[in-house]
Amino acid sequence: VEAVHLIANGEAPRIPQPKEGATYEGIQKKENAEISWDQPAAALHNWIRGHDKVPGAWTTINEQMVTFYGSSLLDASVPAGQELTIKGASRPGLVTKNGLVVFGNDGKMVLVRNLQFEDGKMIPASKYFSADETTALELTEEEKKIAEDIR
């Protein structure tokens with residue numbers, strides 16, 4: 001009650017907040033979110049999950065920064081997939097139909113569902129090797145007429 005009366009009367013003490021340690025920047029920065037591969041799978045999963053969406057846990061693949069999103073621990077036999085060399089990882093990842101499987105230093109697996117490239121393009125991890133493939137859109141005669149009418 002006394003504090004409320006001091007404020008109401010304009011007599012409350014004013015103590016300036018120290019500037020030391022004050023920041024308006026986010027605590028997590030992209031440069032601090034690089035994945036350290038010398039860890040067990042559970043730690044890798046927690047690192048990726050803990051940085052999901054901002055700032056995003058990242059690693060280097062083919063000399064390019066790639067950010068991982070949507071991880072889960074995978075408790076099964078090693079799935080079939082296409083090998084993907086990841087800088088710093090002791091074992092290549094596997095691009096499978098469900099996503100990118102990466103391995104901890106304990107041999108256990110983490111499944112990553114989405115990847116984002118430096119240019120901002122995000123793809124399902126399962127489409128890593130087909131990301132550059134494009135298919136031409138073919139219109140039927142009726143669709144071509146509608147497209148022409150719209151133009």
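Let's start with how helix H2 packs: its buried residues sit against E1, E2, E5 and E6. Please keep in mind throughout that this is a predicted model.

Which residues of H2 are buried? They are Ala 41, Leu 44, His 45 and Ile 48. These residues lie on the same side of H2, because they cover an arc of only 100 degrees around the axis.

Now to the core. The largest nonpolar core has 22 residues. If you'd like to find it on screen, look for Trp 37, Phe 68, Leu 100, Val 102, Val 112 and Leu 115, which have the most contacts inside it. Which elements give two or more residues to this core? Strand E6 provides the largest share, four residues.

Setting aside neighbours within four places in sequence, Val 112 is in contact with Ile 48, with the run Phe 68, Tyr 69, Gly 70 and Ser 71, with Gly 99, Leu 100 and Val 102, and with Ala 125. There is also another core, apart from the largest one, with five residues, including Leu 94, Val 101, Phe 103 and Leu 111.

Let's zoom out to the whole chain. We have three helices and seven strands. An unreviewed UniProt entry annotates residues 29-130 as "domain: Formyl transferase C-terminal". Over those residues the chain is 10% helix and 39% strand, with the end C-alpha atoms 30 Å apart.

What about overall shape? For 151 residues, a compact globule would have a radius of gyration near 15 Å, but this chain has 25 Å. The C-alpha atoms fill a box of roughly 80 × 60 × 30 Å along the principal axes.

Of the 151 residues, 30% count as buried. The accessible surface is about 10900 Å², and carbon and sulfur atoms account for 51% of that. As for contacts with a separation of 6 or more, 50% are between residues 24 or more positions apart.

That's my tour, and I'm happy to go back to any part of it.

Notes
Residues numbered from 1 in each chain as written. Predicted model: local features only at pLDDT ≥ 70, side-chain atom pairs only at ≥ 80, totals over all residues. Heavy atoms only, no water. UniProt positions renumbered as here; feature names shortened; annotations may be inferred. Core = buried A, V, L, I, M, F, W, Y, C linked by side-chain atoms within 4.5 Å. Buried < 20%, exposed > 50% of the residue type's maximum accessible area, 1.4 Å probe, protein only. Contact = heavy atoms within 4.5 Å. Arc of directions from axis to C-beta. Rg over C-alpha atoms; globule rule 2.2 N^0.38 Å. Areas by Shrake-Rupley, 256 points an atom, 1.4 Å probe, with all protein chains shown as cover.
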